[in-house]
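I opened the model and kept notes as I went. Each entry records one thing I looked up.

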Amino acid sequence: MLIFKNSFKKILKSLGRFFSLIFIIALGSAFFSGLRETSSDMIKTMDHYYDEYHLMDFRVVSTMGLTDDDVASLQGLANVSVVEPAYSFETVVDGYATKVYSITDEVNQVHLIEGRMPENANEILVEVGTYSLGDTVTFESDSLDYISNQSFTVVGLIESPMYIYNSKGISTVGSGKLDTFMYILKDNFTLEAYTEVYILAKDNLTTTAYMDDYENQVLLLNAELQNLRPIRETARYEELFEEAMNEVYKAQDELNEEKSKGEKEFQDAWNEILENEKSIQNGWIEYNNGYATLNETKANMESTFASTRSQLEASESALSESLQSFNLTYEEIPNAIATANTQIASLRAMLEGLEEGSEEYLALSKQITALQSYSEGLSKILEAKQEIDNGYASLNDGIATWNQEYQSGLNSLRSSYQQLVDAEAQLENGKKEYEANYQTFTTEINDALKEIDDAREEVLNMEKPVWYLFDREDNSGYTTFYDTATKVDAIATVFPVFFIIVALLMCLNTMTRMIEEERSEIGLFTSLGYSKGKIVASYIFYVLIASTIGLLLGLSIGYFVVPIIIYQVYSASFTISNLITVLNVPVSLIIIFVCYFIMSFVTYLTLYRDFKIMPANLLRPEAPKMGKRVFLEKIGFLWKWLSFTWKVTVRNLFRYKKRIIMTLIGITGCTALLLTGFGIQDSISSLMDKQFGSIQVYDAVVMLDEELQEESSEVNTLLANNDITEKGYINMQNYTFEVNKKNLDIYVMAFEDANNIEQFVHLKDLDGNPISITDNGVILTQKTAELLGVDVGDTFSIRNSENSLFVLKVNGITENYVNHYIYMNMNYYNQIMGETSYNALILNMDGEAEDVGNHLMESGLFSGIQYSSDTMEMFEDVINSLNNIVFLVIGFSTFLAITVLYNLTTINISERTREIATLKVLGFHDREVSSYVYRETMLLTIVGILVGFGFGVLLNYFVMTVAETDEILFLKIVDPISYLYAFLIMVIFTVIVQVVTHFILKIINMIDSLKSVE
Amino acid sequence: MAFIEVKKLSKVYKMGEVTIKAVENISFQIEEGELVVVLGPSGAGKTTVLNILGGMDTPTSGSVIVDGKNIAKFKKKELTNYRRYDIGFVFQFYNLVGNLTALENVSLASQICKHPKDSMEVLRQVGLKDRSNHFPAQLSGGEQQRVSIARALAKNPKLLLCDEPTGALDSKTGRMVLELLQDTCHKEHMTTIIITHNAVISEIADKVIKIKNGQVSDIISQKNPKLVKDIDW
C-alpha cells in the first residue's frame, strides 16, 4: 500500500530519528527487562540447582538419633516424596572445622566437579578448592567415635546444594565456624542411630524454591511433621527406655551372678584358710608327739644303754673275778694260753712216749687235761672279754647312732616347728588378704550396685528425645541467596523505573515531533481523501517497526546479557557460577504490549489533534507558539543585567516548557544514573582504604598455640627477632549469634593493654572523635550496633558457642565498615567472661607480612595467622565485582544520555528551523547560530546536571543501602571527582551532540526554510 | 559605475538528472538610492535573483557586483558578513522570532551590526513605538511586516531586499507597508528592491525589471514614479 510505502520512505528519510527511537526503546526495554529478570533468573537458577541435586526440604535431627522406624514413619507421611537417613559429625581436619557426611543417594546429592564417587571405605569426597585428587585426608582420632577409619584418599571434588554460599554457618569444633565439608560412604559410620534424616517434600520438583507454591508445600509438610514429632519422640523414648532398662536389669543380673560367684570363691578361700589352720594345728600335735616320742625314745634308749652297760659291767666284773682266779690280767691271758698250749703240746709229746694207761701217762694226761681246761677257761674268758668289749663297742655304736638319730629327730622337729610357724604367719597373711579382698569385693559390688541404681535412676529420669526440624530457611546459604536476589530486585526496581520514565518521555517526544513536522503531509493525505484510519495506520506502522526492532534488541539483551553481567557480582560468593537466563514470555509480552500500546496511543492522540483541524489549515504550518514574558523579566535588575542573547535564551527556555521539562528529566535522569554509578564505585572503593588504611591498621593477628596467662619471653624474643614493630597481647574469639533470624559473626577482641590499641585499631566515634576503652564496657562497631539495635549506654547480650550468655555494656560505637567487632580490655573481658588468658597477638610488621608470618609459624609457637591483607583481598573481590553493576549503569546511562541529548537537540532544531533560517538570513555566523541554540541546551544541561546531582546522591544512597550486606557497611558517599566525571561525561556528550547538530544547523537551507508553504 | 551591476547571471539547479534553469543570462544595473521593483509571474525566477542579490544563494555563473564587490565570488563566510552588514531583508511572511517582542526582534538584527540604528527609533519610524513591547502574535499582519521592515532598517543596510512584502497583506495594510518602503528609500537614500508579481506596485518604482521565464524581458526606468497613495489596486 502506498501509505505504508510512505512509512518506509519516512524511515529512510530520517534514519537518525528512526534509530534513536529504536535505540531508546531497546535501551529502555533491555534495562527494564534485564534488571527485573535478574532476580527471578537467579532464583530459577538456584531452584534448578536444588532440584538437580535434590536439596532436602526438611532435615530432622534428634537428640538421641533416628532409627529405621523413624524413617519408615516419615515415609508414611502424605506430603513426603523421599526420606533418606544419613550420618554426619564434625571434626577438625588440618585445623579446619569440617563436617563429614555420609553420601546420600536421593537427597542432598553432591555435585561432583572432578574425580569420581568413593568406592570403598578409604575414599572421600572433599569440597572443591580444598584438597586435590589423590591427597590423603587424616581425621583426628576423636572421629573414631563415629567412623571406622581415620585416613582417606581424596577421589572426588564436589559442591553441595547445602553449601552454596561462602559462609557455611557455625560449627561445634575448631574456630566455631564451619570451614568445609566432606562425604564418605555410609558404611564407614559406626553409629547405631542415624544422626539426621533428609526429607523431600511431595511436588518438590514442580514448585520453585523461595516462591509461595514452594512455601505452601513446605507448610503442609511442616504441619505433618509437627504432628508426627511427639509420636516419634515418645516411640524413640520408649524404645530407648526399654533398651536401657533391659541393660540395667542385665547388669543387675550380671552383678548378682558375679556377687554370688565371688562370695563362693571367698567361701572356698576361707575354707581353705580354715583347713590350713587345722593342718597347722595337726602339725603342732604331730610336732609335739614327735617331740615326746623322741624324748621317750631317748629315755628308753638311755635306760637300755644303762642296763646294757651295767650288764656289761657285771659281766666284766664277773669276768674280772674269774680272771682274778687265774691271777692273770687280760693282757697276760693270751700268753698264758700260749704257755699252757705250749705245755700241753710238750706234755703231749711226752705222753706220746708214754704208754697209755701208764700213770705217768695218766698223770700226764691229767696234767694235759688240766692244762687244756685252763687254756680253755682262759680262752673262754678271753672270749667273754671279747664279747663284753664287743658289747661295749656295740653299745657305744648304739649310743652314737642314737645320738645321731636323736639329733636328726630333733632337727626334723625343729624344721617342722619352723614350718609350722611360717605356715601360721602365712595363714595370718592369708587371712588378712582375705579380709582385704573381701572388703574390696564388697565395696566393688556395692559400687556396682550403686552404679546400677544410678543407671536405673538415670534411665527413669531419661529425658525424652527431642526432634529438631530444620527446613531450607535454616541454611544460611539458602536464605542469603534469596536476600541477594531480592537485593538485585530492589536495585532493579529503582533503576529501570528511572530509566523507563526517561526513555518513554523521549519516545513520546520524538513521535509527537515527527507528527508535528509532518502535519502538512497529513493534511495532504486527508485532503486527498485518505481515511483517518489509514493515516493513523501508516504512522502506527512506522512506530511499530521501530518498537519491534527496539524491543527485539532490548529484550534479547535484557534477558540474556544483563542478568549475566549483574550476576557476576554475586557469583564470587556463591558456588553457582552459570546463571540460567530465561526469556520471560509473559513479561516480554506485557512489555511489548505496553510499548506498542503507548506508542500507538501517543501516535493516535497526536494525530487525533491534527484531525480536528481542517485539512486546509493542516497544510499550513502550525502557528508558532506565542511569545510570552517570563517571570524573570519582572525582576528588573536581573533582566537588565542579562545580555540580549541571554534574554533571548531565557525567553526561549520558557517558551517550550514541554521540551524543557523533557530535557531536564532526560539530563537529570542520566546525570543521576551516572552519578549513582560513580557513587557506587566511590562508596565501595574507598571502603577498603578507610577500613584498612585508617581504622584497622594492624598487619596481622597470630593465634598462640597455647593460651598464655602472661607474656611469654619465648614469644617476645621470637617477635623481637622478626621485624615486628609493634605487638599486643589479646584474646580474640569469634562469636556467632542470631539477629533477625540471621547469623552474625562477631569478632571479640580483648586487649591486654588498652593504651596501645591506637597502634592497631583507631577507634573513633561517628563524629570522628577518638574513643578509648575503659574497664566497664565495650566498643561496638557501628553496623553491629545498628543490627543489634543498641546505642551507647545500652546493654546487650551475646551467646558463645557453648551457649553461655554474656551481658555487655556499650561504652562507645566506633566507625567501621567491614565485619563486626567488639573491642574491650582484658579487665572487662575477665569481669564478664571469667578469667581468661591471651590466645593471640596483634602485630604490626616491617617488610613483607607473609614472609614474617612464615617465620613466625615455623617456630611452632603459633597455631594460625590472619593477615589484614587477606581480609582486605577477600572483601575487595566481592567489592570489585560490584563494579559490573557500575559499568552497566554507567554504560546504559551514557547511551541514554547520548540518545536523549541528540534527540532533544534535533527536535529543538526541527521545531525551530524557520527561526534558525531567519537568523542565518540576518547574517548570523554559523557559530552564532549554533550558540543561539546551544546556549539553551547548555543551560538546560547544566541545570539538569545540578538537579541530577541531587537525585544521584539520593539514588546512590538508596542503592547502596539496598546493596549492603550484613558484613559490610557502605559509605554512601560520592566523591567530588565523581561529580566531575558525571559532569564531564554529560558535558562532553552535550558538546559531541552539539558538534553533530552544528553540522545539521550548517546545512539548514535558508531559502527552503523560509518558504512559507512546504 | 552603478551601485549594483548584475552581468549574465545564471542559476541552474540540478535535481538529480533534471536540470532546471531558474534564471539565465540576466543582466541589469541598479543605482544607489533607487527603488527597484522586480516584476514577474510566479516561478519566473525573480526570487532566485533576490536570493542571489541577498547573498542567500550563489549564482552558477555571471557576476553580481554590489558596491564594487563581486559577491558571486564570495565564500560562505563573506556571504554571511555581506548579509550581516550590507543587506536588510523583508519577507512575505515576516519571519519574526515569535518569542521576541517587536523591539527585541529589531534588536536581534541590530546587535550584530557595526553601525546599527537605534531600535526604538526605527520602530518609531515605522510607527510602532507604542507596540514595541508586543510579541509578533499580538500584532496584526501589517504591524508584523512593519516590524520586519524595522528589523531590516535597523541594520542600516546598503541594500533593502523585499520579497513580496505585501503578499500576505490586505490592500490597506499593504499600502502602508509600501509607503513605508518608498519613504525610507527616498528619505534615507536607501537602495530598495521589491519583488512582486503585482504590476500595480511597479508603479512606485524608479526602475522596473521585468522577468519572465528566468530572463529579463524588460527594464523600464520611470522618471516620475507614483507615490503609493496614488496607486490603486
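How many helices and strands does the secondary structure of chain B come to? I found 6 helices and 10 strands; helices (H or I, at least four residues) and strands (E, at least two) are DSSP runs, numbered from the N terminus.

Before going on, I noted that this is a predicted model, in which local features need pLDDT of at least 70 and side-chain atom pairs count only at pLDDT 80 or more, while totals for chains, interfaces and linings use all residues. Residues are numbered from 1 along each chain as its sequence is written, and chains are lettered from A and ligands numbered from 1 in the order in which they are written.

**Chain B overall.** I looked up burial: 52% of the 233 residues of chain B count as buried. A residue is buried if 20 or more other C-beta atoms lie within 10 Å of its own, exposed if 12 or fewer, and partly exposed in between, with C-beta atoms placed from the backbone. I then took the contacts in chain B between residues at least 6 apart in sequence, and 68% of these join residues at least 24 apart. Two residues are in contact if their C-beta atoms, placed from the backbone, lie within 7 Å.

**A sheet in chain B.** I traced an open sheet of 4 strands in chain B, in the order 2-1-4-5 with antiparallel pairing. Two strands pair if DSSP finds at least two bridges between them. Strand 2 (18-30) and strand 5 (69-70) of chain B are at the edges with a single partner strand each, so one side of each has no neighbour in the sheet. Strand 5 of chain B pairs with strand 4 (residues 61-66) of chain B over 2 bridges, in the antiparallel sense. In strand 5 of chain B, Asn70(B) is the bridge partner of Ile65(B). Helix 1 (residues 46-53) of chain B packs on the sheet and touches strand 1 (4-15), strand 2 and strand 4 of chain B.

**Helix 5 of chain A.** I checked the span of helix 5 (residues 332-353) of chain A: its 22 residues reach 31 Å from first C-alpha to last, close to the 32 Å expected at 1.5 Å a residue. The expected span is 1.5 Å times one less than the number of residues. Which residues of this helix are buried? They are Ile333(A), Ala336(A), Ile337(A), Ala340(A), Ile344(A), Leu347(A) and Leu351(A). They lie on the same side of helix 5 of chain A because they cover an arc of only 100 degrees around the axis; the arc is that of the directions from the helix axis to the C-beta atoms. Exposed residues on the other side include Asn335(A), Ser346(A) and Glu352(A). Helix 6 (359-460) of chain A is among what covers the buried residues.

**Strand 2 of chain A.** I counted burial in strand 2 (residues 80-86) of chain A: 5 of its 7 residues are buried, so the strand is largely enclosed by the rest of the structure. Strand 2 of chain A pairs with strand 10 (residues 194-201) of chain A in the antiparallel sense over 6 bridges. Pro85(A) stands opposite Val197(A) in strand 10 of chain A.

**Tyr747(A).** I located Tyr747(A) in strand 14 (residues 742-751) of chain A. Tyr747(A) counts as partly exposed because it has 17 C-beta neighbours inside 10 Å.

Technical notes
Axes are lines fitted to C-alpha atoms, for helices over the stretch in contact, and angles run from 0 to 180 degrees between N-to-C directions.
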